[in-house]
Amino acid sequence: MNQRENFFAMIEGKKPEFIPNMMEVYKMCVFGTGITDSPLQGGLDPLGVNWIVTKEGAIPEPNNFMFEDIADWKDYVKFPNIDSLGIEAAAKIEMADVTPGEQVVNVFSVCGLFERLAAFMGFENALCSLVEDPESCQEFFDAFADYKIACHHRFIDAYQPDMLTYFDDLATANGLFMSPKVYREVIKPAHQRIIEAVTSRGVIFAQHTCGKCEEIVGDYVEMGAKMWSSAQISNDLEGIMEKYKGRLIVEGGWDSSGPVSYNDASTEAVIDEAVRCAKQYGKYGNFILMPVLMNENGNSMLVGDPRLAPMLEAWHGVEKLA
Amino acid sequence: MSKITEVKELVEAGKSKKVGAAVQEALDAGGQPADILQAMVDSMSVVGDKFSAGEIFVPEMLIAAKAMSKGVDVLRPLMAGDNSASLGTCVIGTVAGDLHDIGKNLVSMMIESAGFTMVDLGVDVPAEKFVEAARENDNVTLIACSGLLTTTMPALKEAVATIKASDLSDCKVIVGGAPVTPEFAAEIGADGYAADAGSAAVKAKELVK
């Protein structure tokens, strides 16, 4: 099987031939979301948030928020006309080098519901709003979901992707930002609409959520997500893979906060971590490795790193499933 | 229910719109400002414990801190010049190269709620700036350094080393953040470590007493 065939075997709940490594599976498409959500080179997005590029990725400019009271959101948030954003032209450029049938086309959609609210208000006010004025939050989330859904339809038309990965970090290293109850009452209804709009187009939905979010992974599955990405080891990954075998692919596994993710982690340590992941998680048949290798320039997958090639070579020695 | 107990419950429940009036009522009923303040500090201690235990989440902790802040606003004019309840000044910042501030902000709120005066240096703070701020502010008893990223752990190490090499011998240093472990904190010479904002406040009090 090639990467694509192997991936779809997993999606269909069948046993794959090998454990995929995220570095090899996808054609990752980011130009579209760079236009609609967060400019790749930093600067203002179409909703008025200014993004700062850091070595670890773009973040909203600290302490430069659009409004303080969620009840005022309509006075400040103006959704752009997505016809004018140039999504189709960007997709054409980005897809020019794709060989059909080889890789899985994965369109990214960053800055989901909660992250967008935090981008507008700052984390503190956003989190307080969820419990102090949930009705206004729901109203905002509904409107923002309409925008996201419209963008996703355009992405799907332009890229013809196999999957869409939607990014919304709802958790910290220690647990969810908000209680599961608050997530389900205030955020989930709009989140569900976003997921169903994607899956209704026959596109696989992947949810990217860092941190300890295992309490709501079941919600993701229930809503139709087929993958949870950036699955960190603070969660019970093996329990989740076992429970949702055939229904959910878990992409992650790397100890992203431990010594193997330090700038100066040795090549041997990096290889050992890859082998650990293969041995510990591969047997479930619904695991994709997501290496998180940082160096002084940033994320190695974006900026390059001499440790990647040896890690991949070692991976090829352990990826086969009996 | 006594007026002070009512203040405690309102802070714990995060009722920031009601706390100011409740504090005034407690004062009008003869309550001492220091006692009312201590009641609110005790409430936040409960909030911090519940957060560390996973019983409540960040929003509930934030609105409780907001509520206490509203209560302190009423007490402040009556307590100006009275530092008897203060645990000193805490200088806090996210270390050089790191722009993340939510964790630092939560810790700052909880340490302030515990009785410290806070000096927040913001994010991307060079090591020397922690030392400068400690020298420039009165009664600095604690310096808190935060880092979210594995890539900025060297900056955490440098910050602690710079502080320890300075003349701030009376100052304790506490560190925290997602990649920080008790072992790393000990290795770099920090006096304390905390895994979350709730336990940071507990540790802060412990370090300066």
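1. Let me start in the sheet: B:V91 sits opposite B:I143 of β3(B). Strands β1 (residues 89-94) and β3 (residues 140-146) of chain B pair in the parallel sense, over 6 bridges. For the terms, strands are DSSP runs of E with at least two residues, helices are runs of H or I with at least four, and both are numbered from the N terminus; two strands pair if DSSP finds at least two bridges between them.

2. Before going on, note that this is a predicted model, where local features need pLDDT of at least 70, side-chain atom pairs count only at pLDDT 80 or more, and totals for chains, interfaces and linings use all residues. Residues are numbered from 1 along each chain as its sequence is written, while chains are lettered from A and ligands numbered from 1 in the order in which they are written.

3. The whole sheet is open, with 5 strands in the order β2-β1-β3-β4-β5 (chain B) and parallel pairing. β2 (117-120) and β5 (192-193) of chain B are at the edges with a single partner strand each, so one side of each has no neighbour in the sheet.

4. Now the helix packing: the axes of α3 (residues 33-52) and α9 (residues 197-208), both of chain B, come within 7 Å and cross at roughly 130°. That makes α3(B) oblique to α9(B). Axes here are lines fitted to C-alpha atoms, for helices over the stretch in contact, with angles from 0 to 180 degrees between N-to-C directions; under 35 degrees is roughly parallel, over 145 roughly antiparallel, 65 to 115 roughly perpendicular, and the rest oblique.

5. Who makes that contact between α3(B) and α9(B)? B:G48, B:D49, B:F51 and B:S52 come from α3(B), and B:A197, B:G198, B:S199, B:A201 and B:V202 from α9(B). Contact means C-beta atoms, placed from the backbone, within 7 Å.

6. On domains, the assignment for chain B gives domain 1 (3-79) and domain 2 (89-208), with bounds from an automatic or database domain assignment. Their C-alpha centres lie 25 Å apart. The contact takes 10 residues from domain 1 of chain B and 12 residues from domain 2 of chain B. On the domain 1 side, α3(B) gives the most, with 6 residues.

7. Finally, the chain interface: 21 residues of chain B are in contact with 26 residues of chain A. α4 (58-79) and α5 (102-113) of chain B each supply at least two residues of the chain B side, and α4(B) gives the most, with 6 residues.

Conventions. Contact = placed C-beta atoms within 7 Å.
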